[in-house]
Amino acid sequence: MTKIVGVRFRTAGKIYYFDPKNMKIRRGDHVIVETTRGIEYGRVVTGTREVPDETVVQPLKAVLRVATAEDDEKVKKNREKEKEALAICQEKVNKHQLEMKLIDAEYTFDNNKVLFYFTADGRIDFRELVKDLAAVFKMRIELRQIGVRDETKILGGVGTCGRALCCHSYLSEFAPVSIKMAKEQNLSLNPAKISGVCGRLMCCLKNEEETYEYLNSRLPNNGDTVTTSDGFQGEVSSVNVLRQTVKVLIDVDDEKELHEYPVNELKFKPRRKKERKKDAKQDKELEQLEAMEKKEGKSKLDED
C-alpha cells in the first residue's frame with residue numbers, strides 16, 4: 001500500500017497525488033509541492049490515505065511542506081501581478097495584430113515562469129510576442145492555446161439551469177458527450193437548446209445517460225403493437241420515460257380509445273436499436289453538432 005494525498009492547483013482542476021511523508025496533512029490544507037513546472041502551491045482535496053501500489057504512477061513526488069502564512073501572502077501577490085501581466089500581454093498582442101483572444105495569465109509559485117492562456121481559430125506565430133514579453137517580465141514565458149471548453153472553465157458563468165457551470169464549479173475533467181445522449185433523453189436536437197455556454201454539447205447530458213438507457217430499454221417504441229393486461233391489442237401512441245407509462249390506442253366497440261398503462265402491465269417484444277429516418281433539417285443539425293464535437297481539442301489547462 002502507498003500513502004498519498006490529493007492536491008488541486010486550480011478550482012475544479014485535475015487532482016494530482018503526492019507522498020505526504022510523515023507530515024500531518026488534512027483536507028483543506030494548502031501545501032507546497034514540486035511538479036514538472038517547478039515549485040507549486042496547491043490545496044489538499046483528498047486527505048492522507050493508503051491506496052494499492054498499482055493505482056499510483058511511480059515515482060510519487062513528495063510534499064515539500066505545509067504552506068505557511070508567507071506562502072499564502074506570496075500567492076496573493078502573484079494573483080495581483082497576474083492581472084497586470086494580462087493587461088501588458090493584451091497590449092503586446094494588439095501591437096503585433098495577432099488574431100488571438102487572451103483568457104488568463106498565471107504565475108508559477110516560484111515566479112520562474114508566467115503562462116498565458118489564449119484561444120484562436122488556428123495556429124498563431126507568436127515568436128515576436130514572446131520576445132517582447134520576455135524583455136518585460138525577465139522570466140520564462142509560455143503561451144498555451146486552449147479550447148473553448150477550457151475558456152469557459154476558467155471564466156465561469158451560469159448555465160441554462162440557473163446554476164454555476166459544472167466545469168467551473170466541480171467537474172475536474174471533460175467527459176465525452178455525444179448527440180446520441182441527447183436523442184436517448186428525447187431532447188430537441190436544436191443546437192441552441194442542447195449546447196452550453198461554450199457552444200459545445202452540455203456536459204450534463206452525460207449525467208443521466210445510463211438512467212435513460214435503462215429506462216428506455218424497458219419501453220416499447222412508438223408505433224409498436226402491444227398487448228394490455230385486460231386483453232386488448234393496440235398501437236403505442238407515446239411513452240413517458242420517467243413515469244414508465246405507455247399510452248396505447250386500442251379498438252373498443254369499433255371506436256379508437258387512448259388508454260394509459262404502466263409498462264409492467266403490457267406485453268411486447270424487447271426494444272431493438274434501429275436507425276430512425278431523419279428529415280433533411282435534422283440531418284443538417286446533427287452534422288453541425290458532430291463537427292463541433294470533433295473540433296474540440298484535448299484540455300491543456302492541467303498539463304504539467
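**Loops, strands and charges: a chat about the model**

Colleague: Q244 lies in the loop between β10 (233-240) and β11 (245-252). Is Q244 buried or exposed?

Modeller: Quick background: this is a predicted model, where local features need pLDDT of at least 70, side-chain atom pairs count only at pLDDT 80 or more, and totals for chains, interfaces and linings use all residues. Residues are numbered from 1 along each chain as its sequence is written, and side-chain values use heavy atoms, with hydrogens and water left out. Helices (H or I, at least four residues) and strands (E, at least two) are DSSP runs, numbered from the N terminus. Buried means under 20% relative accessible area, exposed over 50% and partly exposed in between (1.4 Å probe, protein chains only), so Q244, at 10%, counts as buried.

Colleague: And its backbone: what is the phi of Q244?

Modeller: Most residues other than glycine have a negative phi. Q244 isn't a glycine, yet its phi is positive, at about 60°.

Colleague: Which residue in β13 does T227 stand opposite?

Modeller: β9 and β13 run antiparallel and are joined by 2 bridges. In β13, the residue opposite T227 is K267.

Colleague: Over to the N-terminal strands: which residue in β4 is the bridge partner of R8?

Modeller: Strand β1 (residues 2-8) pairs with strand β4 (residues 38-51) in the antiparallel sense over 6 bridges. Strand β3 (residues 30-35) also runs antiparallel to β4, again over 6 bridges, and a hairpin of 2 residues joins β3 to β4. In that pairing I32 partners Y41. For R8, the partner is R43.

Colleague: What about β6: how many of its 7 residues are buried?

Modeller: β6 (residues 101-107) runs antiparallel to β7 (residues 113-119) over 6 bridges, with A105 opposite F116. The hairpin between them has 5 residues, and N111 in the turn has a positive phi of about 60°. β6 is largely enclosed by the rest of the structure, because its buried residues number 5 of the 7.

Colleague: Now charges. How many salt bridges are there by your rule?

Modeller: Side chains of opposite charge can pair when their charged atoms come close. The rule is a side-chain nitrogen of Lys or Arg within 4 Å of a carboxyl oxygen of Asp or Glu. One network links R10, R37, E40 and E106. By this rule the count comes to 14.

Colleague: Which residue forms a salt bridge with D71?

Modeller: D71 is buried at 6% relative accessibility, whereas R65 is partly exposed at 35%. The closest N and O atoms are 2.9 Å apart, and the partner of D71 is R65.

Colleague: What N to O distance goes with the salt bridge of R144 and E142?

Modeller: R144 is buried, and so is E142. Their side chains meet, N to O, at 2.6 Å.

Colleague: And in helix α2, why are K131 and E128 separated by about one helical turn?

Modeller: Their side chains meet in a salt bridge, N to O 3.6 Å. K131 is exposed at 53%, while E128 is partly exposed at 45%. The separation is about one turn because, within α2 (residues 127-137), they are apart by 3 residues.

Key:
Two strands pair if DSSP finds at least two bridges between them.
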